[in-house]
Amino acid sequence: MDYWVDVSQQKAAAKSNMVHSVKIRRRRYVAQGSSWPVIPGRVGTITWNVAAWSTKLSIGDVNTTLAEAFRMWAEVSMLVFRWVDPPIVADITIMFAIGSHGDTQPFDGPGNVIAHAYFPGYGGNIHFDDDESWAITSTGGNSKSLLAVAVHEIGHSLGLDHSTVSGSVMSALSLQNNNVVLSDDDVNGIQSIYGPCAPRVTAIDYMCSDGKTYIFNGDHYWRLNDAKHESDRGYPSKISSKWQGIPDNIDEIFLWGHNWNIYFFKGNQYYKYNEVNNTVEPNYPRAISQGWPGVPDNIDAAFTSSDGNSYFLKGDQVYKYNNYYDQVEFGYPQLISAVWPDIPNNVDSAFEWWYWDGNVYFFKDEYYWKMTVSGVVSGPFFIGIDAWKNLCEV
């Protein structure tokens, strides 16, 4: 079990099965050694419930805050967290209590010990001292940030010990930071136990309006941190929350090099999107056959190339599209294997990362391939290992 004490009380004596908020010389995250039984390479579901609520915060505020804390770990791992009733069947049971509360570590009133959590091998439960002045986020004074403490304690419930990397959530000295963001050290720690996410990239491209790359899968999208080759924290979000009028489960998003407008493709239709007004243009969607002569319905992928053409892929065929004449080039479609021998058929998506490294990336299942400007192909590589990281389910 881990318990959190105020900084002034960090010299408390150690218990045999506990870790404490004391400074220990460590180079990085530390995995405690126990974990939840998750099958490697597959998303693992961990359930939770609250057996006893806070008297300082509303049930709604507590529930929302705890769900947000669990989600932070879900965004960067192979874990998803689900509420389940009754509490007795939950993997992680949470409670607010005072004094003696059924375990061997009674709370001691305001200050000092404010929460403790059990590692997975000890059950994973989390207890908060209800004598504390809890707030959703700390407002100063003696108030304690439930969000900050919960994210930290959940880390212990998942198997992480304390880290001394400055700024990490799992640092013993970080719990009253209102800007709760998992650090690279926290992410590396949780992925060392449960592995990185293994997503599929079904649509990807760059937006001129904000200079960001967006990745789509199902009814969600992620915004990419290009420099770190990973999703920004706080994602995924629902497609409907940003892309007004765009359906879920799109086939592809396509930035057309002819006019630098964004187009979404699904089935036999396409949508022209107005990035300024953040909405679908009037009189859309339209039939693909109407707007893109010679391009088939139900495309797999599309991208604009630095050679001045666009390419549409479906099955084992590629269609070279002349941007200037607005038509498929003579002699196309051709077999993908004839044009790009090392690129597989039936890809999920493709795009040219022209503003970053100029390479074309192809995605299929859990893999991606990289093709340089000179046409040299490397791969397959696993999505989520060294690039396209943290595209996780929540």
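This note walks through a strand group, an annotated site and some salt bridges in the structure above.

1. **Before you start.** You are looking at a predicted model, in which local features need pLDDT of at least 70, side-chain atom pairs count only at pLDDT 80 or more, and totals for chains, interfaces and linings use all residues. Residues are numbered from 1 along each chain as its sequence is written, and side-chain values use heavy atoms, with hydrogens and water left out.

2. Find residues 262-266, which make up strand 15. Helices (H or I, at least four residues) and strands (E, at least two) are DSSP runs, numbered from the N terminus.

3. **Two partners for strand 15.** Strands pair if DSSP finds at least two bridges between them. Strand 14 (residues 252-255) runs antiparallel to strand 15 and is joined to it by 4 bridges. Strand 16 (residues 269-274) is also antiparallel to strand 15, with 5 bridges joining the two.

4. The hairpin of strand 15 and strand 16 has 2 residues between them, and G267 in the turn has a positive phi of about 60 degrees.

5. **The annotated site.** An unreviewed UniProt entry lists H101, D103, H116 and H127 under "binding site". These residues span 27 residues in sequence, yet no two of their C-alpha atoms are more than 12.0 Å apart, so they gather at one spot. UniProt positions are given in the numbering used here, feature names are shortened, and annotations may be inferred rather than shown by experiment.

6. **Two histidines up close.** H116 sits in strand 5 (residues 113-117) and is buried, with a relative accessible area of 1%. Its side chain makes a polar contact with that of H101 at 3.2 Å. (A polar contact is a pair of N or O atoms within 3.5 Å; within protein, one must be able to donate a hydrogen and the other to accept it, and residues adjacent in sequence count only if both atoms are side-chain atoms.) H127 lies in strand 6 (residues 126-129) and is buried too, at 7%. The side chains of H127 and D103 are joined by a polar contact of 3.1 Å.

7. **Salt bridges across the chain.** The structure holds 10 salt bridges, each a side-chain nitrogen of Lys or Arg within 4 Å of a carboxyl oxygen of Asp or Glu. Which parts of the chain does the pair of D365 and R200 tie together? Their side chains meet in a salt bridge (3.6 Å, N to O). D365 lies in the loop between strand 25 (360-364) and strand 26 (367-371) and R200 in the loop between helix 3 and strand 9 (203-207), so the pair ties together parts that are 165 residues apart in sequence.

8. D184 forms a salt bridge with K228, the closest N and O atoms being 2.8 Å apart. K228 also meets E230 in a salt bridge (3.4 Å, N to O). Salt bridges that share partners join D184, K228, E230 and R233 into one network.

Key:
Buried < 20%, exposed > 50% of the residue type's maximum accessible area, 1.4 Å probe, protein only.
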